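Dear colleague,

I am passing this structure on to you, with my notes on it below. Please read them alongside the model.

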Amino acid sequence: MKLDIHTELEEQMDKTIEAMKFEFGTIRAGRANASMLDKIRVDYYGTPTPINQMAAVAVSEGRILTITPWDKSSAHDIEKAISESDIGISPSNDGSVIRIVVPPLTEERRKELAKKVSKASETFKVRIRNERRDANEKIKKMEKSAELTEDDAKKATEEVQNITDKYVKLIDTLTAEKEKDILEV
């Protein structure tokens, strides 16, 4: 039995998974990755602008990220925004290209990042469970207003749990992949 509630729930949970993938993409794993700059905004003519909208961002040689601004005058602002960010890497600017050399991770830093991934994973699981609770409340309201029979409400609630289990398992899989990626030397 597939209700609109189930479709809406899956759409919400898909958005949660996308947010989690974005969050995981910003956690560096000892390799250069263009998405590690996604959260950084540059003050560009008074507007906070993502770096990828101001420059070409590319990975070269595995651990080097090159940023080539389309407007050369913005190179200093991009460099400053990266320096002030929480990625913990100092960029070098030769006037036309900004380079970020991603240092290899220490064992301690790898464990720290793995904990950060685990903590983020729990946060996203809580969001999934909150979405489950909201869907179950909608089903109860539909049952009270006689839109659903008791049996149909029970089946709908079971389907909500099945959907929730599927997404929690997906979170666990993505978390394990990211932790493995971080802990690999």
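What is the volume of the largest pocket? The largest pocket has a volume of about 250 Å³, where a volume is the space filled by probe spheres set on grid points that are joined across faces, edges and corners. A pocket here is an open set of points on a 1 Å grid over the protein atoms alone, where a 1.4 Å probe fits, with protein on both sides within 12 Å along at least five of seven lines, and lining residues have an atom within 4 Å of a point.

Before going further, please note that this is a predicted model, in which local features need pLDDT of at least 70 and side-chain atom pairs count only at pLDDT 80 or more, while totals for chains, interfaces and linings use all residues. Residues are numbered from 1 along each chain as its sequence is written, and side-chain values use heavy atoms, with hydrogens and water left out.

To return to the pocket, 13 residues line it, and those that lie nearest its centre are Thr 26, Ile 27, Asp 86, Ile 87 and Lys 116. Helix α3 supplies the largest share of this lining, namely three residues; helices (H or I, at least four residues) and strands (E, at least two) are DSSP runs, numbered from the N terminus. By class, the lining comprises five nonpolar, two polar and six charged residues, with Ala, Val, Leu, Ile, Met, Phe, Trp, Tyr, Cys and Pro counted as nonpolar, Asp, Glu, Lys and Arg as charged, and the others, Gly among them, as polar.

The helix packing comes next. Helix α1 (residues 4-25) packs against helix α3 (residues 107-144) at an angle of about 170 degrees, with the axes 10 Å apart; axes are lines fitted to C-alpha atoms, for helices over the stretch in contact, and angles run from 0 to 180 degrees between N-to-C directions. The two helices α1 and α3 are therefore roughly antiparallel, on a scale where angles under 35 degrees count as roughly parallel, over 145 as roughly antiparallel, 65 to 115 as roughly perpendicular and the rest as oblique. The contact of α1 with α3 has 13 nonpolar, three polar and six charged residues, including Leu 9, Met 13 and Phe 24 in α1 and Val 117, Phe 124 and Ile 128 in α3, where contact means heavy atoms within 4.5 Å.

For α3 and α4, the axes come within 10 Å and cross at roughly 170 degrees, which makes α3 roughly antiparallel to α4. The residues of this contact divide into 15 nonpolar, seven polar and nine charged.

The axes of α1 and α4, by contrast, cross at roughly 10 degrees and come within 11 Å, so that α1 and α4 are roughly parallel to each other. Among the residues that meet here are Met 13, Ile 17 and Met 20 in α1, and Ile 163, Tyr 167 and Leu 174 in α4, and the contact as a whole holds twelve nonpolar, three polar and six charged residues.

Two individual residues deserve a look in the context of these elements. Thr 175, found in helix α4, counts as buried at 8% relative accessibility, where buried means under 20% relative accessible area, exposed over 50% and partly exposed in between (1.4 Å probe, protein chains only). Not counting residues up to four places away in sequence, Thr 175 touches Met 20, Phe 24, Val 117 and Ser 121, and its C-alpha atom is separated by 8.5 Å from that of Phe 24, 151 residues apart along the chain. Ser 74, in the loop between β4 (64-69) and α2 (75-84), is likewise buried, at 1% relative accessibility, and, leaving aside neighbours within four places in sequence, Ser 74 is in contact with Tyr 44, Met 54 and Pro 69.

Finally, a point on the backbone: most residues other than glycine have a negative phi. Tyr 45, although not a glycine, has a positive phi of about 55 degrees; Tyr 45 is found in the loop between β1 (41-44) and β2 (47-50) and is exposed, with a relative accessible area of 68%. Ala 146, also not a glycine, has a positive phi of about 65 degrees, lies in the loop between α3 and α4 (150-183), and counts as exposed at 65% relative accessibility.

With best wishes
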